[in-house]
Amino acid sequence: MSEQSLRQEDRQQQQAGHPAHVDAGDAGYSKSLKARHVNMIAIGGAIGTGLFLGAGGRLKDAGPSLAVAYAVCGIFAFLVVRALGELVLHRPSSGAFVSYAREFLGEKGAFVAGWMYFLNWATTGVADITAVATYTHYWGMFTEIPQWVIALIALAVVLTVNLISVKIFGELEFWFAIIKVGALVVFMAIGIFLLVTREQVAGTSTGPSLITDHGGVFPHGALPMLLVIQGVVFAYASVELVGVAAGETENPEKIMPKAINSIMWRVGLFYVGSVVLLSMLLPSDSYSGDQSPFVTVLSKIGVPAAGGVMNLVVLTAAMSSLNSGLYSTGRILRSMAMSGSAPKFTGAMSRTQVPYGGILLTAFFCVLGVGLNYVVPDKAFEIVLNFAAIGILSTWAVIMLCHLLFWRRAQAGQLTRPGYRLPGSPYTEIVTLGFLASVLVLMWADGGPSRLTVMALPAILAALVIGWFASRGRMKDPW
């Protein structure tokens with residue numbers, strides 16, 4: 001559908017008395033994503049680098065209480081994506097929450113939402129390529145290759161693939177998710193077998209006693225569990241991707257509810273279940289931040305090849321996350337470009353219906369992350385993790401604010417809510433916003449890079465204000 005026909009449809013619906021909003025940024029996309037693609041994108045969004053790489057260091061710091069943190073953050077992540085799902089059924093859009101922010105918060109809200117989401121994925125992309133380099137160094141043949149070189153190669157490969165077509169993206173994410181889920185299922189089956197047969201791991205007896213005999217669920221108290229929450233939030237960073245994908249799929253009203261509802265049990269099984277299992281296979285202080293906890297276990301059961309295979313799987317997870325980040329920011333930036341909130345070139349669409357301008361802009365900032373790997377390879381992941389967390393918190397907050405205003409308009413009779421709804425409105429939105437604010441407080445309390453990130457908020461705000469005044473002269477109505 002062309003931009004002109006979208007505007008004509010908007011006018012026709014308004015003349016009929018319906019408060020329609022049709023985002024011009026949705027024009028030109030192919031509806032190539034099938035139900036299986038969206039379902040597996042939802043899985044892939046819930047299982048990523050934060051679990052495969054980040055869980056090791058957090059398990060060492062917080063012990064088994066990490067499972068509590070994953071459960072709590074998982075509930076709020078589900079509420080956020082459930083709110084987004086209702087907005088999607090109200091009006092599917094590739095611009096997703098940026099388009100909804102424009103509808104309910106105005107152009108300023110869309111501007112802030114879009115650029116904070118860009119900050120999220122630009123920094124997450126750096127974390128992903130850093131993870132790829134870290135995973136690759138697991139094999140001795142690659143240890144001599146500088147971390148930044150591996151990171152650059154990974155970025156080049158994923159960028160090339162992402163520019164081909166959305167159908168290729170969907171297929172890749174489908175198989176990436178299959179690999180991730182399959183690997184976790186196999187690992188959990190191995191872990192359960194070790195527990196049932198009372199096999200030892202690295203000379204240590206497995207079972208619940210590993211938790212009770214090493215300080216219980218909170219071996220270092222409750223504070224470490226609270227302080228790792230910002231990292232846990234990062235683990236769920238991609239759950240909103242399913243909302244972006246809705247703009248390029250047929251029949252989202254049938255596909256989206258099933259995909260979103262399945263996120264909850266996947267969180268419980270894969271995140272909470274994995275951490276509980278890991279805690280019963282080795283003492284929590286046996287894990288480290290520079291190695292996947294799954295690799296740690298498999299390497300210590302006497303089958304080194306198993307560790308190598310799992311390392312390949314978690315490398316795949318990082319590549320999947322990077323692929324998703326380039327995909328989503330390309331669509332978000334195009335929606336913004338149509339209103340003048342982003343550079344004009346980010347609205348460019350290829351002949352294969354790929355918004356390549358926004359994808360290239362995100363890739364450019366990931367290249368800067370390659371430089372970070374060159375300068376401070378040991379700290380690169382931790383630094384970008386905290387900035388990504390800021391972007392995630394703002395994105396989730398915008399989604400909940402949009403839904404709260406959406407609910408108010410529905411209460412006023414200005415629009416009708418779909419049958420698929422966020423339960424407990426408006427209290428659910430308010431509690432979730434309170435949780436997100438508390439994460440910022442915890443980041444400040446954590447000190448180090450986390451506190452520096454919070455202290456950088458005024459600079460981020462100043463950059464947004466400058467950007468707004470610099471671009472408002474070219475602002476136009478995107479409807």
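This report describes the overall make-up of a predicted protein model and then several of its parts.

Residues are numbered from 1 along each chain as its sequence is written, and side-chain values use heavy atoms, with hydrogens and water left out. Because the model is predicted, local features need pLDDT of at least 70 and side-chain atom pairs count only at pLDDT 80 or more, while totals for chains, interfaces and linings use all residues.

**Overall make-up**

The protein chain contains 21 helices and two strands; these are DSSP runs numbered from the N terminus, helices being H or I of at least four residues and strands E of at least two. Of its 479 residues, 59% are buried, where buried means under 20% relative accessible area, exposed over 50%, and partly exposed in between (1.4 Å probe, protein chains only). Among contacts with a separation of 6 or more, 79% join residues 24 or more positions apart; contact means heavy atoms within 4.5 Å. The accessible surface comes to about 18300 Å², and carbon and sulfur atoms hold 66% of that area, by the Shrake-Rupley method with a 1.4 Å probe, only the protein chains shown counting as cover for residues.

| Residue | Helix | Relative accessibility | Contacts beyond four places in sequence |
|---|---|---|---|
| Ser279 | α14 (residues 252-281) | 4% | Leu59, Pro64, Leu210, Ile211 |
| Ala388 | α18 (residues 380-411) | 0% | Asn120, Thr123, Thr124, Phe234 |

Ala388 is also 9.6 Å from Gln230, C-alpha to C-alpha, although 158 residues separate the two in sequence.

**Helix α21**

Helix α21 covers residues 457-471, and its 15 residues should span 21 Å at 1.5 Å a residue, which agrees with the 21 Å between its end C-alpha atoms. The expected span is 1.5 Å times one less than the number of residues. Within α21, Ile460, Leu464, Trp468 and Ser471 are buried. They lie on the same side of α21 because they cover an arc of only 85 degrees around the axis, the arc being that of the directions from the helix axis to the C-beta atoms. Pro458, Ala459, Ile466 and Ala470 are exposed on the other side of α21.

Phe218 lies in the loop between α10 (209-212) and α11 (222-227), and its relative accessible area of 36% makes Phe218 partly exposed.
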